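Hi there,

Here is the structure I promised to pass on to you. Have a look at it first, and then read on for what turned up in it.

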Amino acid sequence: MANWLSVSLAAEKYGISEEQIHEWIRLGYLRCSSLDKDPYEDSDPMVDAEDLEKSLEFNSTKSYPEDDATVERVPKEHLDWLYKENARLTKAYDDLLEENYQRSQREAKLQAEFENMADLTHRILSLNEKILNHNRAIKGKKTSAWSFLYRLFRKES
């Protein structure tokens, strides 16, 4: 349900100017009502307090300082320098991201190659152990005359 207030009472209650409320009425931000006249011709129409609160929140007029002395002015040259510095830092940041990406790709490739080398080393050590076990088995057996003669006269390839 609408809570109707006069423009002067709303301006006093919410701490904004009557001109601002009239402008919001003109822009259609606020619902208004007048008893006998067209609301746009009435000097003090009634406005909906809920709409006014929503407009205040939307436009955030409370966050803007009323006193111009509280606003710090920044010279245009300083702003230009800040924009250039921001562009330079953004480019440096992008370059670092690209370098980081390339290094991570190289690191992934090196990791894969390292795992491949570790696998090959494991296979070599496994084969070496099989050869040593086979040699121990051969040395541990007593050889018969026939096997001795076979190894003696066998052609080496």
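Let me begin with a question: does R31 count as buried, partly exposed or exposed, and what is its relative accessibility? With a relative accessibility of 44%, R31 counts as partly exposed. Please keep in mind that this is a predicted model.

Three strands form an open sheet in the order 1-3-2, and their pairing is antiparallel. Strand 1 (4-6) and strand 2 (32-33) are at the edges with a single partner strand each, so one side of each has no neighbour in the sheet. Strand 2 pairs with strand 3 (residues 46-48) in the antiparallel sense, over two bridges. If you want to find this pairing on your screen, look for S33, which stands opposite M46 in strand 3. Helix 1 (residues 7-14) packs on this sheet and touches both strand 1 and strand 3. The direction of helix 1 makes about 95° with that of strand 1.

P45 and S6 are 39 residues apart in sequence, yet their C-alpha atoms are 5.9 Å apart in space.

On the helix 1 side, the contact is made by V7, S8, A10 and A11, and on the helix 2 side by E18, I21, H22 and I25. What kinds of residues make up this contact of helix 1 with helix 2? Five are nonpolar, two are polar and one is charged. The crossing of the two helices, helix 1 and helix 2, is right-handed.

Salt bridges

Side chains of opposite charge can pair when their charged atoms come close. How many salt bridges does a search of the whole structure find? The search finds seven, and here are some of them.

This is where R31 returns. Its side chain meets that of D48 in a salt bridge, with 2.3 Å from N to O. This pair links distant parts of the chain, as R31 is in the loop between helix 2 and strand 2 while D48 is in strand 3, 17 residues apart. D48 has a relative accessibility of 0%, so D48 counts as buried.

R31 forms a salt bridge with D51 too, and here the closest N and O atoms are 2.8 Å apart. Because R31 lies in the loop between helix 2 and strand 2 and D51 in helix 3 (residues 49-59), this pair ties together parts that are 20 residues apart in sequence. D51 is buried, with a relative accessible area of 13%. Taken together, R31, D48 and D51 are linked in a network of salt bridges.

Another salt bridge joins the side chains of E99 and R103, at 3.0 Å from N to O. E99 and R103 are four residues apart in helix 4 (residues 76-140), so about one helical turn separates them. E99 is partly exposed, with a relative accessible area of 35%, whereas R103 counts as exposed at 57% relative accessibility.

Enjoy exploring, and write back with any questions!

Best wishes

Notes:
Residues are numbered from 1 along each chain as its sequence is written. This is a predicted model: local features need pLDDT of at least 70, side-chain atom pairs count only at pLDDT 80 or more; totals for chains, interfaces and linings use all residues. Side-chain values use heavy atoms; hydrogens and water are left out. Two strands pair if DSSP finds at least two bridges between them. Contact means heavy atoms within 4.5 Å. Axes are lines fitted to C-alpha atoms, for helices over the stretch in contact, and angles run from 0 to 180 degrees between N-to-C directions. A crossing is left-handed if the near helix is turned anticlockwise from the far one by less than a right angle, and right-handed if clockwise. Ala, Val, Leu, Ile, Met, Phe, Trp, Tyr, Cys and Pro count as nonpolar, Asp, Glu, Lys and Arg as charged, and the others, Gly among them, as polar. A salt bridge is a side-chain nitrogen of Lys or Arg within 4 Å of a carboxyl oxygen of Asp or Glu. Buried means under 20% relative accessible area, exposed over 50%, partly exposed in between (1.4 Å probe, protein chains only).
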